[in-house]
Amino acid sequence: GRVVGRKGFVVDKVEDLTRGELVGNVLQGLYDDPTLGVPRLVIVPTQPDDPDLYTDWLSHLRGSHVEVRVPQRGDKRENMERALTNAGEELGRGMAENSAQTQLLEGVSDTFGLETPPWRTEVYDNSHIQGAHAVGAFIVAGPDGFAGHVQAD
């Protein structure tokens with residue numbers, strides 16, 4: 001009954017999918033991550049197409065039976081609706097951030113006279129304290145924002 005973690009991702013071209021296909025894609029995207037444990041009960045808003053396939057796959061990943069269920073009422077239904085609301089809000093935030101990122105990249109393009117906005121930006125920094133304790137680092141950003149960093153001592 002409580003959120004113990006979050007993992008979000010965007011499914012592309014959803015207009016070409018049935019609701020069942022979309023639920024199946026989300027299950028695959030979520031549980032393909034081997035670090036994420038599979039619970040005994042997975043609640044979904046709609047059964048995926050070929051629900052037995054997903055039940056068998058998730059049970060195999062878990063090592064014991066997993067049930068994929070559409071809750072009709074009660075706490076499980078409320079939790080699922082809350083998750084749907086959270087997902088909608090997260091999508092809205094992501095779209096706003098993406099829009100802001102696009103505007104920033106267009107500004108960089110205008111400032112430096114580039115024909116198109118950059119698709120990848122890398123920033124490097126090498127630092128030291130009076131010639132000792134050297135540290136090098138770099139960060140990478142792309143159209144979706146911050147993409148990663150590396151630091152070497």
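**Close-up views of a predicted protein chain**

The protein chain exposes about 11700 Å², and carbon and sulfur atoms supply 53% of that area (accessible areas come from the Shrake-Rupley method with a 1.4 Å probe; for residues, only the protein chains shown count as cover). This is a predicted model, in which local features need pLDDT of at least 70 and side-chain atom pairs count only at pLDDT 80 or more, while totals for chains, interfaces and linings use all residues. Residues are numbered from 1 along each chain as its sequence is written, and side-chain values use heavy atoms, with hydrogens and water left out.

**View 1. The protein chain has three helices and five strands.** Helices (H or I, at least four residues) and strands (E, at least two) are DSSP runs, numbered from the N terminus. Along the sequence, the pattern of the protein chain is α-β-α-β-α-β-β-β. Of its 153 residues, 17% count as buried (buried means under 20% relative accessible area, exposed over 50%, and partly exposed in between, with a 1.4 Å probe and protein chains only). Among contacts in the protein chain with a separation of 6 or more, 39% join residues 24 or more positions apart (contact means heavy atoms within 4.5 Å).

**View 2. Ten residues make up the largest nonpolar core.** They are Val23, Leu27, Tyr31, Val38, Val42, Val44, Tyr54, Leu58, Val66 and Val68. A nonpolar core is a set of buried Ala, Val, Leu, Ile, Met, Phe, Trp, Tyr and Cys residues joined through side-chain atoms within 4.5 Å. Helices α1 (19–31) and α2 each supply at least two residues of this core. The largest share, three residues, comes from α1. Leaving aside neighbours within four places in sequence, valine 42 is in contact with Leu27, Tyr31, Leu58, Val66, Glu67, Val68 and Arg69.

**View 3. Threonine 55 is found in helix α2.** Threonine 55 counts as buried because its relative accessibility is 14%. Leaving aside neighbours within four places in sequence, threonine 55 is in contact with His65, Val66 and Val68.

**View 4. Aspartate 50 has a positive phi, near 55°, although it is a residue other than glycine.** Most residues other than glycine have a negative phi. Aspartate 50 is found in the loop between β1 (41–43) and α2 (51–62). With a relative accessible area of 48%, aspartate 50 is partly exposed.

**View 5. Strands β3 (residues 121–129) and β4 pair in the antiparallel sense over eight bridges.** Two strands pair if DSSP finds at least two bridges between them. Threonine 121 has alanine 141 in β4 as its bridge partner. The two strands form a hairpin with two residues between them, and glutamine 130 in the turn has a positive phi of about 45°. Histidine 133 is found in strand β4 (residues 132–142). Histidine 133 also has a positive phi, near 60°, and is exposed, with a relative accessible area of 65%.

**View 6. Val108, Phe112 and Leu114 make a nonpolar surface patch of about 290 Å².** Patches are made of residues with over 30% relative accessible area and no salt bridge; like charges are joined within 9 Å, and nonpolar side chains (Val, Leu, Ile, Met, Phe, Trp, Tyr) within 5 Å. A salt bridge is a side-chain nitrogen of Lys or Arg within 4 Å of a carboxyl oxygen of Asp or Glu. Valine 108 lies in helix α3 (residues 74–112). At 34% relative accessibility, valine 108 counts as partly exposed.
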